[in-house]
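Hi there,

Here is the structure I promised to pass on to you. Have a look at it first, and then read on for what turned up.

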Amino acid sequence: MNYELSNIPERTSKPRQTGYTMVMDKGLSIREAEDFLSVAGQYVDIVKLGWATSYVTPNLKEKLAIYRDAGIPTYFGGTLFEAFIIRKQFEDYLRVLDKFDMTFAEVSDGSLEMPHEEKCEYIRKLASKVTVLSEVGSKDDQKIIPPYKWIALMQAELDAGAWKVIGEAREGGNVGLFRSTGEVRSGLVEEILTKIPFEKIIWEAPQKAQQVWFIKLLGSNVNVGNIAPNEVIPLETIRLGLRGDTFDHFLKTTK
Amino acid sequence: MNYELSNIPERTSKPRQTGYTMVMDKGLSIREAEDFLSVAGQYVDIVKLGWATSYVTPNLKEKLAIYRDAGIPTYFGGTLFEAFIIRKQFEDYLRVLDKFDMTFAEVSDGSLEMPHEEKCEYIRKLASKVTVLSEVGSKDDQKIIPPYKWIALMQAELDAGAWKVIGEAREGGNVGLFRSTGEVRSGLVEEILTKIPFEKIIWEAPQKAQQVWFIKLLGSNVNVGNIAPNEVIPLETIRLGLRGDTFDHFLKTTK
Amino acid sequence: MNYELSNIPERTSKPRQTGYTMVMDKGLSIREAEDFLSVAGQYVDIVKLGWATSYVTPNLKEKLAIYRDAGIPTYFGGTLFEAFIIRKQFEDYLRVLDKFDMTFAEVSDGSLEMPHEEKCEYIRKLASKVTVLSEVGSKDDQKIIPPYKWIALMQAELDAGAWKVIGEAREGGNVGLFRSTGEVRSGLVEEILTKIPFEKIIWEAPQKAQQVWFIKLLGSNVNVGNIAPNEVIPLETIRLGLRGDTFDHFLKTTK
């Protein structure tokens with residue numbers, strides 16, 4: 001840090017199991033990725049190349065190398081997995097993971113219907129090759145999954161070999177864990193936490209108010225995702241009680 | 001593309017008449033313009049220097065050269081044309097187009113009142129020198145133009161020599177084609193399409209939901225505009241059915 | 001300017017007392033700061049490193065040097081001052097200002113409760129070392145300060161040695177001077193202006209509609225703040241009547 005302040009909440013350090021920050025890159029240029037890493041690299045644990053943007057972005061290999069050289073793993077958004085599955089091209093998907101030396105993969109069913117046992121089977125297959133993140137929640141704001149079912153799905157996916165499970169919110173933060181207004185489905189989150197260990201969950205929380213809500217509930221070292229590249233520094237200050245939103249939260253709890 | 005997926009909708013290629021992507025640059029630096037082109041250049045058909053930002057941005061010649069070298073034409077936003085017109089400086093405007101070697105120009109009346117015959121006269125004059133884009137719709141959200149009038153205005157402007165007509169939405173996507181909430185005036189769009197060929201229209205659609213709406217209605221190769229530089233890659237995935245919003249739209253229609 | 005237009009409102013030039021543009025940098029990389037300055041540097045009067053982002057951003061010295069070389073002063077957001085105060089580390093705060101050769105400082109009480117005389121005492125102490133900006137308004141949208149009190153606070157802080165006072169709005173523009181919807185508390189602003197000279201106030205106005213409102217009320221050379229780096233060029237066009245929002249405002253008033 002650039003100077004000393006007392007009473008700053010403790011942050012885990014990399015490689016971490018909690019306090020994870022997952023960033024969404026939806027098409028940064030090489031130089032923009034470098035810029036982002038020069039400021040925020042030390043606070044970022046993993047980068048997702050959003051949905052299937054990797055299909056159309058040029059210089060993909062070069063960008064993946066930049067993240068690799070910074071010691072930050074990357075993965076393709078779950079929608080890419082689904083795009084291969086719905087086309088019955090799972091074997092091709094495996095070849096893509098190989099071709100780009102991916103060490104993580106996301107399994108999701110946010111845009112298609114798939115029997116849950118089949119999803120778990122994909123998790124099992126992929127978990128033998130890479131670290132698997134699996135995602136629960138639909139991208140369709142009309143499809144509401146009740147809390148008990150979120151829990152059952154998450155547990156089954158962890159049992160199938162997922163390293164962590166992701167709670168869906170999209171880039172906008174207006175589905176899945178959240179209402180269309182962006183408001184947290186707080187009852188859902190609290191019920192999930194009665195059954196699933198909080199270190200096993202990454203909460204997609206692209207909006208500041210959502211990040212604040214999770215940090216107030218679960219502390220500085222909650223795992224959050226879908227953070228925009230230029231929001232990592234602001235997020236870090238919220239984790240440390242150094243932005244108005246959490247300014248006295250940690251002082252109260254550490255006093 | 002970085003890997004192969006079957007059943008991807010066909011995209012036109014440059015130079016194209018449909019499937020056009022018009023991007024708004026509201027003040028990128030030289031390096032930011034280079035970054036943008038390095039990622040999205042192949043998907044961008046034309047760049048608008050938003051409204052009269054060209055008046056105050058330094059290094060204008062250098063930036064125009066960067067777009068020219070990338071084979072992407074540029075034009076000054078219609079508000080600049082209007083700023084010259086309301087000052088009775090049309091001749092000066094022509095000199096500005098000359099000075100900067102512009103090959104496209106926009107004629108609009110979004111911020112001033114002008115008899116439509118006069119607007120068409122400007123289109124005719126300019127069309128003898130450059131390719132003219134003309135824009136229909138007010139920047140004032142209180143001025144609602146009924147559908148039959150949109151059609152008459154668009155047709156007269158095409159007849160006067162406009163290469164394509166643009167449907168107004170501003171940077172925010174909350175006037176003209178859209179309600180102040182951003183919702184599409186769908187009846188308006190559908191009525192326009194009964195009379196004006198869809199390849200002659202560029203729909204300003206800065207918000208994702210607006211882009212999705214037009215792509216679902218008119219297909220991957222609809223012409224859209226006022227796209228932010230960092231939204232070109234996301235837009236391209238929506239055009240290809242590779243984002244949640246259009247994930248099964250093309251699969252259904254191509255099956 | 002890149003070409004000539006008649007009837008453009010007069011703009012003050014740097015160093016200016018009015019027409020001030022304060023920009024918020026919430027974590028730009030070195031190269032992003034350079035890019036920003038290459039486009040907007042001539043229009044920016046001062047840069048705030050938002051709240052306590054300076055604690056976590058790497059290369060702080062290097063970035064401060066870039067702004068210094070461009071002739072643009074910088075200061076740490078008021079939340080940093082408050083973070084030191086609430087920890088009873090005011091002397092450490094002074095050392096931080098020294099260490100980084102800061103010539104400006106912000107005194108605020110947006111995130112904590114402090115007797116106003118104590119706040120004024122800090123202003124007095126700091127004003128003997130640096131130029132002080134003091135800020136009025138809470139970051140808590142539930143704490144509404146009545147207009148007469150805004151005036152009393154502002155006047156006392158100017159009397160204590162503040163160079164200018166800042167009206168609070170946060171990065172979002174949804175507290176303090178504004179309702180949670182972003183709408184201006186116009187009665188508040190107008191009442192403040194009956195007592196406090198407009199050149200002594202910097203209005204935080206991050207949203208375009210807020211900037212437009214202040215420019216229409218107070219002219220091209222109103223002081224505004226919390227401008228995002230990529231909104232400086234758009235703001236400059238609004239000041240000059242070269243964007244739709246103020247297109248005819250200055251023509252009417254200068255005719």
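A polar contact here is a pair of N or O atoms within 3.5 Å; within protein, one of the two must be able to donate a hydrogen and the other to accept it. Please keep in mind that this is a predicted model. With that in hand, the interface of chain A and chain C shows 17 residue pairs in polar contact, both partners being at pLDDT 80 or more.

Which elements of chain A give two or more residues to the side that touches chain C? They are α1 (30–40) and α10 (232–239), and α1(A) brings the largest share, five residues. Sorted by class, that side of chain A holds twelve nonpolar, eight polar and nine charged residues.

As for the extent of the interface, 29 residues of chain A are in contact with 32 residues of chain C. Together the two chains bury about 2800 Å², with 57% of it on carbon and sulfur atoms. A:Asn2, A:Tyr3 and A:Phe247 supply 28% of the area that chain A buries there, more than any other three residues. Five salt bridges were also found across this interface. A:Glu231 and C:Lys26 meet through their side chains in a salt bridge, at 2.4 Å from N to O.

One more residue to look at is C:Arg185, in the loop between β6 (164–167) and α8 (186–193) of chain C. C:Arg185 is buried yet has no salt bridge, and the nearest side chain of opposite charge, C:Asp141, is 7.9 Å away. A polar atom of the C:Arg185 side chain does lie 3.0 Å from the backbone oxygen of C:Gly176.

Enjoy exploring!

How values were computed:
Residues are numbered from 1 along each chain as its sequence is written. Chains are lettered from A and ligands numbered from 1 in the order in which they are written. This is a predicted model: local features need pLDDT of at least 70, side-chain atom pairs count only at pLDDT 80 or more; totals for chains, interfaces and linings use all residues. Side-chain values use heavy atoms; hydrogens and water are left out. Contact means heavy atoms within 4.5 Å. Buried area is the accessible area (1.4 Å probe) that two parts lose on being put together, summed over both. A salt bridge is a side-chain nitrogen of Lys or Arg within 4 Å of a carboxyl oxygen of Asp or Glu. Helices (H or I, at least four residues) and strands (E, at least two) are DSSP runs, numbered from the N terminus. Ala, Val, Leu, Ile, Met, Phe, Trp, Tyr, Cys and Pro count as nonpolar, Asp, Glu, Lys and Arg as charged, and the others, Gly among them, as polar. Buried means under 20% relative accessible area, exposed over 50%, partly exposed in between (1.4 Å probe, protein chains only). Lys and Arg count as positive and Asp and Glu as negative; His and the chain ends are not counted.
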